[in-house]
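Trainee: I am new to this structure. Could you take me through some of its parts?
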Amino acid sequence: MTKQFVRKTICFAALTFCSSLSAIAEDGAAAWLRYAPLTDSKLYATLPTRIVSMDNSPTGSAAAEELRRGLTSMLGRNFVVSNAGTGAIIVLSSNALLPRETYRIRRGMDGLHIEGSSAAAELYGVFHFLERVASQKPIVNETQSPAAQIRWSDEWDNMDGTVERGYAGPSIFFENGHVKQDLTRAGEYARLLASVGINGCNVNNVNANLQTLSEQNLRDFARVAEVFRPWGVKLALSVDLTSPQVVGGLDTFDPLDPKVAAWWQSKVDEIYKLIPDFAGFTVKADSEGRKGPSQYGRMPADAANVLARALKPHGGVVLYRGFVYNNHLDWNDKKADRARAGVDNFVKNDGTFESNVVIQIKEGPIDFQAREAVSPLFSALKKSNVAIELQTAQEYTGQQRHMVFLPSMWKWVLDTDLRANGKTTPVKQIVTGHTFPNADGSPRLSGFVSVTNVGSEANWLHHPMALANLYGFGKLAWNPDTPLSQITDTWTRMTWGNDPLVVGTITSMLGKSWGVYEGYTGPNGMGTLTNILGYHFGPGIESAERNGWGQWFRGEKDGIGMDRTSHGTGYAQQYAPELAAKYENPAATGDDLLLFFHHVPYDYKLHNSKTLVQSIYDTHYASALAAAEYVPQWSALKDKVDADRYAQTLKLFQFQAGHALVWRDAINNWFQRISGIADALGRVGHDKGRVEAEASQLTGFEIIDVNPWETASGGKAVNCHVATGCTLTMTAQQAAGHYNIAVNYHDMWNGVSKYELLVDGKSIATFAADDKLPPAQFDPNPDGQTATRFTAYNVALHPGAVITLHAVPDMRPELQNVMPSAEANSQLRARDYREFAPVDYIAIGPAGLITPQ
Ligand code: GCU
């Protein structure tokens, strides 16, 4: 059997599996490549059914098969692939005259041509063509090239099968310390990536396993590269700089030691023997406990270059991360500032990096917050290659339990004009290599990296709407000028169908979702205000303060915000002069980033002419309501999308509606307490229709303090330690009518407490605390991460009706010492992990689809 034949067999086996997947129930595995039959296919009635593929390479064959499969499925006609033919045909071919990675679609005398400068480009052309059909757009002659060479997805997968900051189940690449035997999902993932033009995938955590480069592991990684290859996706690896010592047995990893350079060279040669199209390395060094060149008094460039020299003869690259900072900063030092670290650490190396080193820079100088300033490192490095790191994994933006369409944020970043050299220089121009070109005028090696962190759950990212982020990343990396409306429109049509109500509803929901999330979480550039010391999911406001991590916002009695002007940390001066001047001045900075740059009093007047604190209250009320409105908006699509994905999405929107209220109340109450300024509209702390659990009539329940206080209504909740259950009773004061009744409770990772809601002794609903909150990490406390809500809709009440909640804790002894096996949780000490049916409050509001506000 020839090698090529073996490859083709693997490729076709994978494809057959994919088609059978999309034919069965809609579990989301097909993502946007559903190829659902079109109800109106007039536009494509004359499309010939014979596909002639001139390219028999694995990628050429994958392209032809994809086209056959997609068109057959969408148009209901039988398309066939052959190697030759005349008459009415679709021709797939390579055209060496086209620029790199370019495809061209054109109608010729002899049929329709999809040409690519390479087989991978041909594949991009096929996916684009299929996208036009799926979204019912006319086929037009067009030629397209990507804006930048590097378009990678990074996965933070650990070899034990967990995924750092992954919210969709275990790794698709690893289990039990090894690469998985069955890499079917890895191949399907590469297909998904290729469909939006992503050409590289780094499969292991940037916090790399120290044995990543062992001989055995490399042989296993070659199997991953093999399933990626038909899709034109190249494998990359994260490596730890201590590898020469840990794997190679040397007595040093000093990048300037010749032994170390020789080791890297021979290791890289070994990799290319196994993986001839290996893309390169990603490096996290001198950051968050990772060792690095500083141990030997060396610079980032010394480390990056030793790897780069080894990779260069093979065409590989080093993506050296700009995320280098000291996580033991001195809180008492008013000049200390984590945001400064990128520029402080890298600018002195500018111009000294090898030509195949790319500095991979997170979009903001802190860490993927709901909003932060754009990193000044993009404009400060004038003689180095740069790539932008964006995070599709919603680490700080709701962890794929909240809908947040991140391309809105990314576009804002990419369009930000950094005024480098006093000229218009939006970030997108810098990261596509045009602002500071090579000496010969050609664009610098540059690009886009998405930290994606897909998992083994059928739909890859848990929230069906989160797939729009991966899709949007690919589109912006291909062309950062792609309009957001085009991204949401096409993704929605491909993922959910072409029905106008479906398209209109979903595109509008996605379009506003970043603003809504930002609106009920961290305001005015303060950062997300989540618990930064672990889970990054729910509110945990002061976790950011008084520690060495430097995500401070300096909330004091006199005011709030980090002074990053020249009176403070001086960070603003890291930008080009025009921008520095803007950020030195609070009024010019703009309200979105005000507290990122300035320490201002709580009654500071914003551009919306409200005081800061009143604006925070109002925004949080409006945004939590906007999140709650997703439920009725989505419900209107009930019969217009498939039942499974409808139900899954509805449940997530119901969760988001409840958790948005937890966020709103935590932040508003915290601001009211610290500022001493009451909400002018009297809402904060006086919620209509709410009865605290601790103020109800309790049987068996014990009152507990919740920490931090702002994450429970009134700072308290109740716990039940009675195995047979506890009850909480209250009397409705409402006029006779129908109402929604919401129960706010805490749902821990372990344990399944059971609840029953009764009105006048009659059971109206039961529910179980069977979720795992926060999504990927174990939190044993009732707090902002575990706070959630159940709503019973349209319940008949009369004044004096007795509302009872009966709760049965989960006290199974076998749960006592159970912990999730995530590496990330290893620091947790064994404790009592039973779930004591915690309840925070009950709220009664108007009937309808919106949970009581
Ligand atoms: C964040 C994230 C870490 C990750 C780090 C990184 O801090 O919480 O899990 O390791 O970013 O990007 O390296």
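Mentor: We shall look at a helix, a helix pair and some points in loops.

Mentor: This is a predicted model, in which local features need pLDDT of at least 70 and side-chain atom pairs count only at pLDDT 80 or more, while totals for chains, interfaces and linings use all residues. Residues are numbered from 1 along each chain as its sequence is written, and side-chain values use heavy atoms, with hydrogens and water left out.

Trainee: How many residues has helix H21?
Mentor: Helix H21, residues 643-675, has 33 residues. Helices (H or I, at least four residues) and strands (E, at least two) are DSSP runs, numbered from the N terminus. From first C-alpha to last, H21 reaches 47 Å, close to the 48 Å expected at 1.5 Å a residue; the expected span is 1.5 Å times one less than the number of residues.

Trainee: Is H21 mostly covered or mostly uncovered?
Mentor: Mostly covered, as 25 of the 33 residues of H21 are buried. Buried means under 20% relative accessible area, exposed over 50%, and partly exposed in between (1.4 Å probe, protein chains only).

Trainee: Which residue follows H21?
Mentor: Gly676 follows H21, and its phi is positive, near 70°.

Trainee: Turning to H14 and H15, at what angle do their axes cross?
Mentor: The axes of H14 (residues 484-496) and H15 (residues 500-520) cross at roughly 130° and come within 9 Å. H14 is therefore oblique to H15. Angles under 35 degrees count as roughly parallel, over 145 as roughly antiparallel, 65 to 115 as roughly perpendicular and the rest as oblique.

Trainee: Which residues make the contact?
Mentor: Contact means heavy atoms within 4.5 Å. On H14 the residues include Trp491 and Trp496, and on H15 they include Val503 and Ile506.

Trainee: Now the loops. Where is Ala88 found?
Mentor: Ala88 is in the loop between strand S2 (80-82) and strand S3 (89-94). Ala88 is exposed, with a relative accessible area of 56%. Leaving aside neighbours within four places in sequence, Ala88 is in contact with Pro48 and Arg50.

Trainee: What joins Asn707 and Pro708?
Mentor: A cis peptide bond, with omega about 0°. Pro708 is in the loop between strand S19 (701-705) and strand S20 (716-720). A cis peptide bond also joins Leu773 and Pro774, with omega about -5°.

Trainee: And what is phi of Glu288?
Mentor: Phi of Glu288 is near 45°, a positive value in a residue other than glycine. Glu288 is partly exposed, with a relative accessible area of 30%.

Note on methods:
Axes are lines fitted to C-alpha atoms, for helices over the stretch in contact, and angles run from 0 to 180 degrees between N-to-C directions.
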